[in-house]
Amino acid sequence: MLAPTLPAAAPSPSTEVTVTPTVMDLFLGFLGLGMIGFGGVLPLAHRLVVEKKHWLTDAEFTDLLGLCQFLPGGNILNLAVAIGMKFHGPRGAMASLFAIIAAPSAVVIALGSIYTRFNGPHLQHMFAGLAAAAAGLLISTALKIAVPIRSKPLAIFIACLFFVAIAVFRLPLLPTMAVLIPLSLAVTWRAAR
């Protein structure tokens, strides 16, 4: 007699199988991301890398983003370089970096020309609207990348400390990071033991 089989459980976002992209996949993915992203591509990067292409899991994306935020430079540029480097070393890093900055550089040059020629209240209102949309996308991404830590109360507490220190008390970013990152590492290390 055969034992009954249980239905296979759907993989959770943190245990999802990842796909290894080629250098061309990295280039085309980040080129597309650079072409459609304006004023905040982090939500779109999460969608591309985790949800659509499955290059990283949610947890890997969150960890890599945390590292990229600690490094100097733009988070999305650091993330593109780190993802390219993870899969194909310097070649992948250069392909990802060039791809993500090519289209935005051309757009910024064009918008700068338009802005200097036609500066007025209508143009300023357009930029204010774009800033509001980017803020909404950023909040959406913050909620998505919080999913891997939802079952870790200490990680949530540290994230809330960061928010309160920066947003409420307006403390400088670097000293706040200098204090809270070692605290976060110590708490995480101790909890893992």
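**Entry 1: Ile-166**

I started at Ile-166 and skipped its neighbours within four places in sequence; the contacts left are Leu-171, Pro-172, Leu-173 and Thr-176. Contact here means heavy atoms within 4.5 Å.

Before going on, I noted that this is a predicted model, where local features need pLDDT of at least 70 and side-chain atom pairs count only at pLDDT 80 or more, while totals for chains, interfaces and linings use all residues. Residues are numbered from 1 along each chain as its sequence is written, and side-chain values use heavy atoms, with hydrogens and water left out.

Where does Ile-166 sit? I found Ile-166 in helix H6, residues 153-168. Helices (H or I, at least four residues) and strands (E, at least two) are DSSP runs, numbered from the N terminus. Ile-166 has 30% relative accessibility, so Ile-166 counts as partly exposed. The cut-offs are these: buried is under 20% relative accessible area, exposed is over 50%, and partly exposed is in between, with a 1.4 Å probe and protein chains only. I also looked up Met-177, 11 residues from Ile-166 along the chain. Their C-alpha atoms are 9.9 Å apart.

**Entry 2: the whole chain**

Next I stepped back. How many helices and strands does the protein chain have? I counted seven helices and zero strands. Along the sequence the pattern reads α-α-α-α-α-α-α.

The protein chain has 193 residues, and 27% of them count as buried.

I then checked contacts between residues at least 6 apart in sequence. Of these, 58% join residues at least 24 apart.

**Entry 3: H2 against H5**

I picked one helix pair. Two packed helices are described by the angle between their axes and the distance between the axes. Helix H2 covers residues 42-52, and helix H5 covers residues 121-145. Their axes come within 8 Å and cross at roughly 40 degrees. Axes are lines fitted to C-alpha atoms, for helices over the stretch in contact, and angles run from 0 to 180 degrees between N-to-C directions.

H2 and H5 are therefore oblique to each other. Under 35 degrees counts as roughly parallel, over 145 as roughly antiparallel, 65 to 115 as roughly perpendicular, and the rest as oblique.

Which residues meet? From H2 I listed Leu-42, Pro-43, His-46, Arg-47 and Glu-51. From H5 I listed Leu-137, Leu-138, Thr-141, Lys-144 and Ile-145. By class, this contact has five nonpolar, two polar and three charged residues. Nonpolar covers Ala, Val, Leu, Ile, Met, Phe, Trp, Tyr, Cys and Pro; charged covers Asp, Glu, Lys and Arg; the others, Gly among them, are polar.

**Entry 4: the largest nonpolar core**

In soluble globular proteins, nonpolar side chains tend to be buried together. I looked for such a group here. A nonpolar core is a set of buried Ala, Val, Leu, Ile, Met, Phe, Trp, Tyr and Cys residues joined through side-chain atoms within 4.5 Å.

The largest nonpolar core has 25 residues. Phe-30, Leu-33, Val-49, Trp-55, Phe-61, Leu-79 and Ile-83 touch the most other members. Helix H1 (23-36), H2, helix H3 (58-70) and helix H4 (75-118) each give two or more residues to this core. H4 gives the most, with eight residues.

Not counting residues up to four places away in sequence, Ile-83 touches Leu-26, Phe-30, Val-49, Trp-55, Leu-56 and Leu-64.

**Entry 5: along H4**

Asn-78 is in helix H4. Is Asn-78 buried or exposed? Asn-78 is buried, with a relative accessible area of 17%. Beyond four places in sequence, Asn-78 is in contact with Cys-68, Leu-71, Pro-72 and Gly-73.

Ala-103 also lies in H4 and is buried, at 16%. Leaving aside neighbours within four places, Ala-103 is in contact with Gly-34 and Met-35. The C-alpha atoms of Ala-103 and Gly-37 are 9.6 Å apart, and 66 residues separate the two along the chain.

Ile-101 is another H4 residue. At 32% relative accessibility, Ile-101 is partly exposed.

**Entry 6: two positive phi angles**

His-54 lies in the loop between H2 and H3. Its phi is near 60 degrees, a positive value in a residue other than glycine. His-54 is partly exposed, at 26%.

Arg-170 is in the loop between H6 and helix H7 (173-192). Phi of Arg-170 is near 55 degrees, a positive value in a residue other than glycine. With 67% relative accessibility, Arg-170 counts as exposed.
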